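Q: Hi! Could you walk me through the pockets and some of the packing in this one?
A: Happy to, let's have a look.

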Amino acid sequence: IELDVIGRRIAEILVSEVPVDACSLSIERHGAFEGLSSAGAAAPDADWQDVPLQAAGISVGRVAIAGAPLPGTEAHETLEHLLGIAELALEKALLYERSREQARRDSLTGLLGHQAFQDALEGLIADGGRFSVALIDIDDFKQVNDVHGHLVGDETLRWVAGAMRKAARASDSLYRIGGEEFCAVLHDVDGDEAVAIAERLRRRVAAHAGGLPVTVS
């Protein structure tokens, strides 16, 4: 049920079992198509046919086919049958991917969670690239819960997460790693630049705190 394995297998089967000259499979994520796998070889002047893939009426991807068999032939019936199986397989793989991603995220704030942070950190260290880590803690968060209640405390955590999203760069990764503890992994920066980004996060939270005197350090 891994997407790349499913995509490769679909492409290989279409070329070997239909057969078609070549095919290229894409999946749909967030309204955009992303190339997943391809197989076979087509002539430069090949006639390509674009076939949408849907499951339960929802687009899951598309496949571009060179050398598709003519309608009414046994090979075309085989192609349609295999494309139906491909739609179901892609739907299950996409559901699995989404459920796995949801498990990596904090349900309250939507930020990535502690295990995702550990995995990312191990990968960055192994790659040997340049990065910085900003550890962020809400100041006196216990008082927010004690004075205003836990519902306001939960809303405060969401405020902080939202403010950090707005202040972070597109390349930065944000995590909630504890109760009121957050982390920003700042890619390809160190020293003064990392401090400047962390300071921008701090200022944005203070300005975005929804009326409560919430700050972070």
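Q: What volume does the second largest pocket have?
A: In this predicted model, the second largest pocket has a volume of about 160 Å³.

Q: And which residues line the second largest pocket?
A: Its lining is made of Ile138, Asp139, Asp140, Gln143, Val144, Val147, His148, Leu212, Pro213, Val214 and Thr215. By class, that lining splits into six nonpolar, three polar and two charged residues.

Q: OK, how about the largest pocket, what's its volume?
A: The largest pocket comes to about 330 Å³. There are 13 lining residues, and Glu28, Arg29, His30, Leu94 and Arg98 are the closest to the centre.

Q: Which element gives the largest share of that lining?
A: Helix H2 does, with six residues. Strand S1 (22-29) and strand S4 (58-66) also give two or more each. The lining has six charged, five nonpolar and two polar residues.

Q: Switching topic: at what angle do H1 and H2 pack?
A: Helix H1 (residues 3-17) and helix H2 (residues 74-103) pack at about 175°, and their axes are 9 Å apart. With that angle being over 145, H1 is therefore roughly antiparallel to H2.

Q: What classes of residue make the contact of H1 with H2?
A: There are 13 nonpolar, one polar and two charged residues. Among them are Ile6, Ile10 and Ile13 of H1, and Leu82, Leu83 and Ala86 of H2.

Q: Last one: what does Glu87 touch?
A: Glu87 lies in H2 and touches Pro52, Leu53, Gln54, Ala55 and Val60, leaving aside residues up to four places away in sequence. A polar atom of the Glu87 side chain lies 3.0 Å from the backbone nitrogen of Gln54.

Note on methods
Residues are numbered from 1 along each chain as its sequence is written. This is a predicted model: local features need pLDDT of at least 70, side-chain atom pairs count only at pLDDT 80 or more; totals for chains, interfaces and linings use all residues. Side-chain values use heavy atoms; hydrogens and water are left out. Axes are lines fitted to C-alpha atoms, for helices over the stretch in contact, and angles run from 0 to 180 degrees between N-to-C directions. Helices (H or I, at least four residues) and strands (E, at least two) are DSSP runs, numbered from the N terminus. Angles under 35 degrees count as roughly parallel, over 145 as roughly antiparallel, 65 to 115 as roughly perpendicular and the rest as oblique. Contact means heavy atoms within 4.5 Å. Ala, Val, Leu, Ile, Met, Phe, Trp, Tyr, Cys and Pro count as nonpolar, Asp, Glu, Lys and Arg as charged, and the others, Gly among them, as polar. A polar contact is a pair of N or O atoms within 3.5 Å; within protein, one must be able to donate a hydrogen and the other to accept it, and residues adjacent in sequence count only if both atoms are side-chain atoms. On a 1 Å grid over the protein atoms alone, a cavity is a set of points where a 1.4 Å probe fits but cannot get out, and a pocket is an open set with protein on both sides within 12 Å along at least five of seven lines; lining residues have an atom within 4 Å of a point. Grid points are joined across faces, edges and corners, and a volume is the space filled by probe spheres set on the points.
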